[in-house]
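My entries follow in the order in which I looked things up.

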Amino acid sequence: MNDYTEVRLGLEPCSETLTDILAAMLAEEGYESFVPDSMGVTAYIRKEAFDPDALDRIIREFPMETAITYSHSIVEGQDWNAEWEKNYFKPIVIDNQCAIHSSFHKDVPECTYDILIDPKMAFGTGHHATTTLILRRLLGMDLDGRKMVDMGTGTGILAILADMRGAASVDAIEIDEFAHENAKENLKLNRSQNVTLHLGDASTLATIRDVDIFVANINRNIITADLPAYADTLSPGASVILSGFYEEDIPVIMKVAETLGLEYADHTVLDRWASLHLKNQI
């Protein structure tokens with residue numbers, strides 16, 4: 001069995017989008033698995049492949065505004081699937097309705113919706129508060145026959161659940177190639193029939209219209225910059241579900257939303273993270 005270097009990266013501020021992007025950049029340098037949390041991400045790479053200079057370069061070139069610190073240590077070789085199952089990617093059950101797990105998990109609770117996620121990268125698995133908040137939203141909404149956009153789909157969990165809950169179509173958009181490939185694999189694993197996966201940014205929305213439910217789990221700065229593009233896709237009375245920011249960021253987003261005819265409906269909070277629900281009044 002191979003020895004690994006465990007690298008702990010702290011981010012301030014931290015969000016699921018930031019850890020997703022960082023994990024994708026690390027993956028390009030040979031890092032094999034990632035454990036995100038509310039303070040950063042722990043990444044693993046084979047001992048012989050660890051390059052401090054490459055890690056310093058990734059931190060210097062990181063495209064988002066956040067301070068990144070790191071430390072590292074050696075982890076002796078072991079059965080990594082067993083370690084994942086025991087310590088890291090544990091099954092998640094959302095409100096006794098939706099279970100998210102990997103193929104190696106045993107004794108997964110039986111739920112109405114069972115989502116299978118490839119464990120080769122952990123970010124976007126539903127452990128982060130923002131993903132949980134939106135999953136809860138989707139479980140409580142009528143999705144039957146609705147047209148949805150999942151902006152920044154990551155591993156595809158939200159799109160997969162929407163498909164399972166009867167959405168007529170889901171356009172799932174992801175800017176990162178590594179995450180896009182993983183989403184493609186997860187859509188196949190879950191036999192998602194009505195999801196169209198796009199590689200791109202908000203410009204992809206130019207050809208998408210008459211959306212009933214628009215979901216974006218990204219971060220405040222990207223959301224406020226791209227909100228006009230989101231609004232252009234909406235049908236009258238459509239719902240916009242946003243997350244990836246703190247509760248105190250809501251007024252900043254509302255300042256932009258109100259100029260676009262998007263009205264505050266409600267918001268929910270988990271561990272300071274918020275999910276904001278807007279209604280299209282145009």
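I began with helix α2 (residues 52-61), which lies across β1 and β4 and runs at about 155° to β4. Axes here are lines fitted to C-alpha atoms, for helices over the stretch in contact, and angles run from 0 to 180 degrees between N-to-C directions. Helices (H or I, at least four residues) and strands (E, at least two) are DSSP runs, numbered from the N terminus.

I noted the basis of the entries: the model is predicted, local features need pLDDT of at least 70, side-chain atom pairs count only at pLDDT 80 or more, and totals for chains, interfaces and linings use all residues. Residues are numbered from 1 along each chain as its sequence is written, and side-chain values use heavy atoms, with hydrogens and water left out.

**Four-stranded sheet**

I traced an open sheet of four strands in the order β2-β3-β1-β4, with antiparallel pairing. Two strands pair if DSSP finds at least two bridges between them. β2 (33-37) and β4 stand at the edges with a single partner strand each, so one side of each is left without a neighbour in the sheet. Direction ignored, neighbouring strands of this sheet are turned by 20° against each other on average.

I then went through the pairings. β2 and β3 are joined antiparallel over five bridges, and Ser33 stands opposite Tyr44 in β3. Strand β1 (residues 4-12) pairs with strand β3 (residues 40-46) in the antiparallel sense over seven bridges. Nine bridges join β1 to strand β4 (residues 67-75), again antiparallel. Which residues stand opposite Glu6? In β3 the bridge partner of Glu6 is Tyr44, and in β4 Glu6 faces Ser73.

**Three-stranded sheet**

I found an open sheet of three strands, ordered β5-β6-β7, with mixed pairing. Its edges are β5 (92-94) and β7 (113-116), each with a single partner strand, so one side of each has no neighbour in the sheet. The twist averages 15° from one strand to the next. β5 and strand β6 (residues 98-101) pair in the antiparallel sense over three bridges, with Val93 opposite Ala99 in β6. Helix α5 (residues 157-164) packs on this sheet, touching β6 and β7, and its direction makes about 145° with that of β7. Contact means heavy atoms within 4.5 Å.

I checked the length of helix α4 (residues 129-140): at 1.5 Å a residue, its twelve residues should span 16 Å, and its end C-alpha atoms are 17 Å apart, which agrees. The expected span is 1.5 Å times one less than the number of residues.

Is α4 enclosed or open to the outside? Ten of its twelve residues are buried, so α4 is largely enclosed by the rest of the structure. Buried means under 20% relative accessible area, exposed over 50%, partly exposed in between (1.4 Å probe, protein chains only). Among the buried residues are Thr131, Ile134 and Arg137.

I recorded that α4 and α5 pack at an angle of about 10°, with their axes 10 Å apart. They are therefore roughly parallel to each other; angles under 35 degrees count as roughly parallel, over 145 as roughly antiparallel, 65 to 115 as roughly perpendicular and the rest as oblique. The contact involves Thr131, Ile134, Leu135, Leu138 and Leu139 of α4 with Ile157, Leu158 and Leu161 of α5.
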